[in-house]
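Here are my notes on the model, point by point. Please keep the structure open while you read.

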Amino acid sequence: MQLVITLCAIFCLLLTGCPGKKTSRTMPDDEGKMVLRVLNGAEAASLDPVKREGTPGTNILGNVFEGLLRVDNKTGGYLPGVAETWEISEDGRVYTFFLRRDSKWSDGVKVTAHDVVATYRRALNPITESRNASLYFIIKNAKSVLEKEKKPEELGVYAADDYTLKIELENPAGYFLSLLTLVPFYITPNHVIEEHGSNWTDLNHIVSNGPFKFSLRRRNDRTEVVKNEQYWGKDEVKLDKIIFFTTDNGNTRLRLFKACEADFHVSGLESSAYPNIKKNPEWVAAPRLGIYYYIFNTKEAPLDNPKVRKAISLAVDRKVLTQVLGAGQVPAYYIIPPRTNNYQADAKLEENIEKAKLLLKEAGYGEGKDFPTLTILYNTSDDHRKVALFISDMVKKNLGINIKIENAEWKTYLDRRKHGNYHIARAGWIGDYNDADTFLELLAGDSENNDTFWKNAAYDELFAETRRLSDPAKRLKVMQKAEALALDEMPLMPIYFYIADTLVKPYVKNIYPSNKSDVEQGFYDLQARATLRDVYIDMEEKKKYFTND
Amino acid sequence: MFRYIVKRVLGIIPVLLVIITITFFLVRFAPGGPFSSEKQLPDEIIKNLEKKFHMDQSLPVQYLYYLAMISGGDLGPSMKYHNKSVNDIIGETFPVSLRIGFLAMLIAIFIGTTVGFIAALHHNSTIDYMCMSFAILGISVPNMVLGPILAVFFGVYLGWLPVANWGGYSHYVLPVTTLSCYYIAIVARISRGSMLEVINQDYIKTARSKGLSNWTIVTRHAIKGALLPIISYCGPASAFIITGSIVIEQIFGIPGVGRHFIMGAIDRDYTMVMGTVILVSLLVMCFNLLADIAYCLVDPRINLHEEK
């Protein structure tokens, strides 16, 4: 009996997270060095910036390599990186960058404009198999170079001399500078790649030009990086070492953080952690450049009718849904996330059951009569299931329509989406770059990422126009028009905007956001990148934290 | 015996070929492919990737390519991890799983048989009931429950042991304990049953009537006979335990090979799936052979020579 009671007690502890009991813990012995331990998620597929995949890999590479510009971790904006200054031509199509002369690779070789040219040409060589190739399409001739219609030399990136670089764009993209802060645009060492080919990312060959350099990599365990003494801004880098733990299980990450075995949990808490985790003062959440939505298969009746799509969308109470989910997600009444650079949503969908019923009636399905049973397809996950159940219940209650839910494992789900083998499907999109363009592109008729099969000439024209315009005010107007049109036709149904939540120990300084007031003041990166260049640890505070805990 | 072993080893080849063939086609018939992702890749790059992995050819041709490749011991490049071969990945991760699995199996055999034999020798007593209650608990509490409980209690609450990750000896304690619990329980039940059967046999009665002490009877006569069912269980079980478990690896953040079985299939990393299937089939066949050889060593009545 006693055993049962003990086991139950332990189990309760497990469920509630952990007791409030304060245990003093042994501080890890770092020999007086400043070491930051980061819980980083799954294994990175590649250490090559132009081939980066997924958030964990991006987190590591973003701190090891540097681009022409670097991320301002307080605002998510950009700061001079390898490029010290730059000029933009009047038509917004030609950028000239003047590179700093003290930027070096970790083996002491200088970083030059030729490295940049070689990097972007390599990224657009199909043999490189860059998973980010479409990001470079904004550069002149990039697409034709990838498709081998033009030679690599015709790519709009030229080195005038060792330290002057010119980039020509296809369109006057006002967001080009923020694009340059992304890892796929970071510079790779041409001299090492020429020598070792695709094996240049092996630990014994790889060199980097960022604040840190690789020192250890153990598959599915950890990647360690140490301060790069050749880095031009090394005086501003305080951390001696960062350990990125490869831990793909969210519950394990949470336990590691609670046991003080790590200082910073980047993202991806399991839904079971909520709402308890929100009481923890080390938890902080900020808006994120991403949207969770459902797509409609617009090829088939009844969802080929915009009125039906709209009716379903208007019948869902997103506020209640986000409360049920409980992590602080923001209900989405439009497509482009709030705070996206150079954008302010104008149109907005209004949840209205009466209007939804009316729309359904106009479509010929008054009170849900003769309406076929639809299915919501989602990839297997408790959270997706919760959302799907909620929405199907709500639509049934409000419109009398039967919607079944169906899960499929990831690749099957992707396959069915791509081939239009679904009625309604769950989808999510994290903006590649901080501009409305990355979201508007989702619905363009020729977009590879448009699985709704919705093709609208007016929308495509508006979208093409946003890419041609350089005047921000005019561009904003056209983008708003495009979004309004999409909301009116509703090929996709916005549900909520993602948040990025992190856990960070109080002794880690210069991490943004690290508390609520940072979020209120807008001190966070909307793209939730873990930029650790300026981070440091208050060693006194850390000691106190471990002794008093 | 030598002839028997050679024959069995040669027998592995056709079995392996059948397994490879079935797996090769099964995994390719699953929807989706290694390069499908939420964000679509440009066609030019997909084409290039498919060419690199011969996926632009027909399935039978791909199959022949694969056979040609593995006949040289090369399991091919991983389709998910760039510039990494499946051999590299298994080479890095298998030793970790091997160490954890081996320790867990050793503990399971040692504690399991001890507990089982004690229970059998005290048949229907309180000791017997206690041992078997623990065994049932061990079997019915799954790893995914036991692991987090141990991690929270000893790691987060008491702070005695590391919660997860890989490093010194202290990192072995919790995963090995979690992994071995189930096997301890099973081994305990099997050894109790087999010991009960053996001690009621005539030759034990003879030994007893000769006036031998209980200890001598058990250690000299009974154990040998009681070990046979344990060996036949532990053979294949060892193969599975040393190839790792995704549950244990995820709970304790262990860089083992177990996760690649599951993740390989989820990611449709074809070469990885094939590599792990080949690894586990080889191990199962080898351990079965070892179990058969062990039979013969333990029980002289069993003869591995061919019957004529």
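1. Let's start with the interface: chain B and chain A bury about 5,100 Å² between them, with 55% of it on carbon and sulfur atoms. Buried area here is the accessible area (1.4 Å probe) that two parts lose on being put together, summed over both. On the chain B side, B:Glu38, B:Lys39 and B:His82 lose the most area to chain A, and together they make up 15% of what that side buries. The contact (heavy atoms within 4.5 Å) draws 57 residues from chain B and 62 residues from chain A.

2. A word on the ground rules. This is a predicted model, where local features need pLDDT of at least 70 and side-chain atom pairs count only at pLDDT 80 or more, while totals for chains, interfaces and linings use all residues. Residues are numbered from 1 along each chain as its sequence is written, chains are lettered from A and ligands numbered from 1 in the order in which they are written, and side-chain values use heavy atoms, with hydrogens and water left out.

3. What about charges and polar pairs across the interface? The rule finds 6 salt bridges between chain B and chain A, a salt bridge being a side-chain nitrogen of Lys or Arg within 4 Å of a carboxyl oxygen of Asp or Glu. A:Arg219 forms a salt bridge with B:Glu92, and the closest N and O atoms there are 3.3 Å apart.

4. Which parts of chain B do the touching? Elements giving two or more residues to the side that touches chain A include helix 2 (43-52), helix 4 (86-121) and helix 5 (126-140) of chain B. Helix 6 of chain B gives the most, with 9 residues. By type, that side of chain B divides into 30 nonpolar, 16 polar and 11 charged residues. In that tally Ala, Val, Leu, Ile, Met, Phe, Trp, Tyr, Cys and Pro count as nonpolar, Asp, Glu, Lys and Arg as charged, and the others, Gly among them, as polar.

5. Chain B itself has 12 helices and 0 strands. Helices (H or I, at least four residues) and strands (E, at least two) are DSSP runs, numbered from the N terminus. The C-alpha atoms of chain B fill a box of roughly 85 × 65 × 30 Å, taken along the principal axes.

6. Over in chain A, have a look at the open sheet of 4 strands, in the order 4-5-7-6 with antiparallel pairing. Strand 4 (83-88) and strand 6 (157-161) of chain A stand at the edges with a single partner strand each, so one side of each is left without a neighbour in the sheet. The twist averages 25 degrees from one strand to the next. Pairing needs at least two DSSP bridges between two strands.

7. Now the strand pairs. Strand 4 and strand 5 of chain A are joined by 5 bridges, and A:Thr85 has A:Phe98 as its bridge partner in strand 5. Their hairpin has 5 residues between the strands, and A:Gly92 takes a positive phi near 70 degrees there. Strand 5 (residues 94-99) and strand 7 (residues 164-168) of chain A also pair over 5 bridges; A:Phe98 stands opposite A:Thr164, and A:Tyr95 is partnered with A:Ile167. Strand 6 and strand 7 of chain A pair over 4 bridges, with a hairpin of 2 residues joining them.

8. Finally, some backbone spots to check by eye. The peptide bond from A:Tyr274 to A:Pro275 is cis, with omega near -5 degrees, and A:Pro275 lies in the loop between strand 11 (264-265) and strand 12 (283-296) of chain A. Another cis peptide bond joins A:Tyr512 and A:Pro513, where omega is about -10 degrees. A:Glu129 has a positive phi of about 60 degrees although it is not a glycine; this residue is found in the loop between helix 3 and helix 4 (142-146) of chain A.

How values were computed: Axes are lines fitted to C-alpha atoms, for helices over the stretch in contact, and angles run from 0 to 180 degrees between N-to-C directions.
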